[in-house]
Amino acid sequence: MEISTFKFVSLLFYLFFMYFVGSIIFTKGFLLKRDVIPLNSSCRVDFASYWDGKSHGAEGCWLHRRFDKAVIILIDALRFDFIAPTSNAKEKPYINKMKTVHDLIQHKPKNARLYRFTADPPTTTLQRLKGLTTGSLPTFVDAGSNFASVEITEDNFVDQLVRSGKKITFLGDDTWTNLFPGRFHREYPYPSFNVKDLHTVDNGVLANIYQELRLKDWDITIGHFLGVDHCGHRYGPNHPVMADKLTQMDEMVRNVTQRLDKDTVLFVLGDHGMTQSGDHGGDSDEELDAAMFVYSPSQITASKYEPGKFQTVSQIDLVPTISLLLGIPIPFSNLGTVVTDLMNHCSWSRDSHIKEVYHSVEALRVNAVQISQYINQYLKTSSDLPPHKLLVLNERLRNAEVQLQTLVTNMFTNSNEENVHEKLHYLEKEYKEYMHEVKKLCKEVWAKFDMTSIVLGLIILGVTLLVNIYLLYLASSLSEDRDNGTMIIVIILSLVFIAFSLVQSFYLNDGAVNIMAYILGLFDFVALGMIILITRSNLQRSEKTPSDSSVSFLLKIGKALKTSIDNSVIGIIILITCLSYFSNSFVVFEDDVCLFLTQTCIWFFYSKVILKLLKETKFTKDHSKTKSKSLKLDIKRFTSQSVMLVTILSIACSWCVRFSVNFRTKREEQMTEAEAAGETTDTNIEANKNVTYFFSVACLLVSIYLPRKWLTESGNLNSASFSTLCARYLMPVAAVATVLYWAMQHLPNKILDSLPVWQQVLLPQTVYISLMISIVAIVMFPMLVYTLPNQKNQMSISSTQNGKDIFHKVFKYVKSNWENDVDSSDDTSNDVPKVFGLGTVYSSAVIYSGTAIILLLTLLLGEGFSPSVLTAICGIYCFFELFTISVKLCGESDLLLNGLLTVCLMMGNYFYGFGHQATIPAIRFETAFIGFIGDWENKIIPAFLIHCNMFAAEILFTFLVPLLTLLPCTKGVIAEYFSFWRDNQGGNWRGDFVMHENQKVFRHLQMKMFFSLYLFHGLKLTSSILAAAIHKRHLMVWKIFVPRFVYQAMSSFTVFAVSIVVTLLLARVNSSITKWAAKIKQKS
C-alpha cells in the first residue's frame, strides 16, 4: 500500500473511531441502567408478623401461606386474544383454540380466573423474565442484552424460594438457566435462539413435565414453552400453524390441571404479545397485551365472576401475588401490586365479606410498606426520584397505616364495626393508589440520564464534524502528499480530547474533571473552527488567478453562481434531512420524505442536462449560418435523441425508486385500523405463490445478468484468471443455489422440518462458500483484464489449403523469420500489447465485488425482495448514466457532491424499500438461520447475518459509490449517443485507466468523495442523537426517537466500515496495475 493511500485509510479509520466514541459516550449517558439495590427481603420484618399457622391458615412470612406448591407455565408470546373466549371469531386461526381455559372459568369461577396481563416495554423475553421474577421495571438499554443473558443478582422470587428451602424443577427455554444458574433442583433446558424451530423446546417440556408432576420431591415446577412465539416469528399469528400450536398448548393445560393437588396453584401466563407480523420488542398494544390464567382444584377467590369482563393487571403484579400465596417474602425491589382477587379468600375469611376485604387490605399493606422501604433505600444511593413528591406519597401511606391501625383496634378491641366495610374499601383504594403513584413516578424518572456523558458525547460529535470538514478542505493537498502542519495539530488536539473523554467517562466521575472535559472540548471546537476558516481562506487565495479581462471576470462570476446554486441545493436537502429527526411525525413517515428528496435530486440532474442542451441549441440558432432546413434538422435531432434519451433515463430512474414503495413494511403508526387488527390479507402472495416465486427468480437472474453483461461487453471476462473464472461459473452457481433454496422453502412445513440438517443448510452454505471464494479471488487477482498474446511472429493457415501449399508456406515463414530476426529490435511499434478490459480495470473490480454482494443480500433479504433489489440495481445504474451525462455536459460545475447526495438518499430510500423500519420489532431475527440450524454459542455469525439484512442498502450503495468517479471515464450505454462522447473519440480514450495515469487526481476524487460521505452520515448521526437528547422527556422518546438514533448509528457505522473496505479494494487494484505496467514495460 502506498504511503498516501495508507494515510487516507488511516484518516478514515480515525474519523470512524471519533464518531464511534462520541456515540458510545452519549449512549452511556442516555441509556443507563437503573441502580440495583443489593438487598434482599427477609422473613422476619418489623412491619409484618411471622405466621406460625396456629391461628388460621398455614405458616408463612408476612402473611399465612395459601398454597404449598405452584406450577408456573410460561407460554412465550401468549397474547390475550389467543386465550380469551370470544364470539366474534372472524375466521382467525388463533381464536377460541384454548377451550380448556374457557370451560374452567365458566364452570369453576371460584377456582379459575383469567386476567389481561400487561407487559412493560421493552417486550423482549429476557427483560420480561426479569420483570416477572424481580417485580422491577427493566430499562430500555436492557433490550440489547436479550441474546446475552446475564445472571440476575437483584432480589427475586426464585431466590426467595431457594432461601425458603423450596425445590424448583425447571423445563424449557435455557434463558432461565442463564439467569438463575444453580437454583434448580432439576432442570431440562433447551436452546431457544432458533426461531425457526417450533417443536424442540415444546416437545422436550411435554416429554418430561407430566412425569415431574407425578413426583413428590418438588415445590415449584416452571415450564417455558416457545412454540407460539417461534410460530409468530416464522409465520405470524394468522397462519394455520398457530392454530395447531395453540391447540397443543390447550391439551397441555388440560393435562396439567387434571394432575394438580388441592394444595397446588397453577399459573399459565404469557411474557408478551406479538404484532400482526409476529414480531415483538416494542410497546404497541398488541406487543404489551399478554394473558394470565390462574387455577387450583381448591377455591382461589371469593370475588364474583362477571362473564366477558377480565381485570387488567401488570406483569410485575405476579411477583408479590405469588410470593404471598406461597408464604415467602416479597422481593426487595418489587414495584408490583398484589392481585386482590387472589387474596380475599381463606378458611378464616369464609362467609364474611368484611374479613375477605380485610385480608386483601392486609396483603396490600405489607406490599405497600415493602415498596416504601425499597424507595427509601433507593434514595440513599441515588437522587433520581423527586423528594418532594415522595414526601407527599409517604405521608399518604402513613395516614393509611394510622387509619388501618385505628380500624383494627376498634374492630377487635372495642367490637365497633360501624362503617367497617366502607373504611376497608377506602383503605384498599388508598394502598393501591399509593403503589400506583410510586410506580408511575419510577417509570417517569427511572432512566437516569447522565448529563455529563450526554453533553460530552455531543461535543465529541461536534468536534468530529469539524475534523471531517477540515479533512474535506484538505483533500487536495493530501492527494499531492504535501505536508501540512495544521493537520498534525488537528489530529493531536482531537486525539487528546478523545482520550481524556474516554478516561473521564469510564474511569473518573468527578465534578472538576467534568468541567475540564467541557473546557477542553470547547477549546478544541473553537480551535478547529479557526483552523478551518484559515484553511478555506488559503484555498480560495490559491485558486485566484489575476486577470484583467472583463470576459474572464464575467466567466468566473457565472461559474461561482452555478456552484452557489448547486451548493444551495445540497445544503437545503441536507438541512431538511437533519431537521426531520427532530419531529416524531417526520420520523414516522421518513420513508416518504426520503422518497421525495431522492426524486428531487434525480430531476435536479435532469434539469441541469436539459438547460445545458437548450443553451447549446440556442447558441447554434443564433450563430450558425446554415439554412433553416438544416436548423430544423438539428432541432429534430436534438429533440428526438438528446432530450428524449435524458427524459427516458430520468423517468426510468425515478420509476425504479418509486417502485420500491411496494416492498415497504409499515410501522404501527402508519397502519390503518384494519391493518393493525390484522383484518387485511395479502392475497397476491398467498394465492399466487408460483407466480411470485418465478417472478422473484426472474428478477434475481436479471440482477446477476446485468453486471455480467457489462463486464462481458467491457472485455473484463476474457481471461482465464481465477477471479474471471469465479465470475463466469461460481457466481452463477451461487444464484442457482439461491433459487433452489427459495423453492425448498415452499415445501410443506412437515416435510421441510423432517429433512436432514445437512440438506436444509446445503444450498445457502453453497452460496456463502461460493461468494467467499469469489471475494478471495478478487483480492488475489484484482485485475479483470486479458493481454492478447503477441501476434507478430504468428502465421495463419487456411483449412482449405493442401499439404504442398502448407509445406511451402511454412518454409517461407521460417526463412523470413530467420532473415529478419536481427532487424526486429529496431521496430517496436508492434510490441505494444493489446489488452482487453483495461479501460474499465477499476470499475470492473467494483462491479465484480458488487455482484457478489448482491447475491448475498438477495439470499438474506429473501425471495419477496428480489424485485426490489433489481429496481435498486436498475435505479442506481440509470442515475450513474444520468450523472455521467451531467458531468460531461456541465464540465464547469462540480457535481460530485450532488451525485453523492443522491446516492445517499437512494440508500436511505432502499432501507425502507428492502422492507425495514427503524423499530425494534422490524429486526428480522430469522435471517440468522439461513444456512444454519440450531442454537448458537457464539453470536458473531448470526449477528453479522442479521446486520447484513437490516443494512443491505447501506452495504450495497456504499460499495458502488466509487462508480461516481469511475463510470464517467468509461463508455456509457446512453452517454455514447451524445455529441460530447463522439467528439472525444479521437483515439485517446483510456477509460478509467486514466485514473492510474493521474494518481493525484484519483486520490483527490477518492478523498473528496469518502470524506463527504462521512460528513453526510456524520450529520445525520449527530442530528438523530441531538434529537433524542432534546426529546429525552418526550412521550415518544423510547418508541420513536431512541430507536431512530440507534438505527442511524448502526447505519452510519456500516457506511464507514464499507467505505474503508472499498477504499482498500481500489488500493489493491491500483497496486496490481502498477506491478502489471512495470512487467509490460520490462518485457517491451
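Which hand does the crossing of α30 and α31 have, left-handed or right-handed?

Reply: The crossing of α30 and α31 is right-handed. (A crossing is left-handed if the near helix is turned anticlockwise from the far one by less than a right angle, and right-handed if clockwise.) First, some ground rules. This is a predicted model, where local features need pLDDT of at least 70 and side-chain atom pairs count only at pLDDT 80 or more, while totals for chains, interfaces and linings use all residues. Residues are numbered from 1 along each chain as its sequence is written, and side-chain values use heavy atoms, with hydrogens and water left out.

Now the pair itself. Helix α30 covers residues 841–861, and helix α31 covers residues 866–889. (Helices are DSSP runs of H or I with at least four residues, strands are runs of E with at least two, and both are numbered from the N terminus.) The two pack at an angle of about 150 degrees, and their axes lie 9 Å apart. (Axes are lines fitted to C-alpha atoms, for helices over the stretch in contact; angles run from 0 to 180 degrees between N-to-C directions.) That angle makes α30 roughly antiparallel to α31. (Under 35 degrees counts as roughly parallel, over 145 as roughly antiparallel, 65 to 115 as roughly perpendicular, and the rest as oblique.)

Who touches whom? From α30 come Ile-854, Thr-858 and Leu-861. From α31 come Ser-866, Val-869 and Ile-873. (Contact means heavy atoms within 4.5 Å.) These residues divide into four nonpolar, two polar and no charged. (Ala, Val, Leu, Ile, Met, Phe, Trp, Tyr, Cys and Pro count as nonpolar; Asp, Glu, Lys and Arg as charged; the others, Gly among them, as polar.)

Helix α15 (residues 451–473) and helix α17 (residues 485–506) have axes that come within 11 Å and cross at roughly 165 degrees. They are therefore roughly antiparallel to each other. The crossing of α15 and α17 is left-handed. Their contact includes Leu-456, Ile-460 and Val-467 of α15. On the α17 side, Met-487, Val-490 and Phe-497 are among the residues that take part. The contact of α15 with α17 divides into eleven nonpolar, seven polar and no charged residues.
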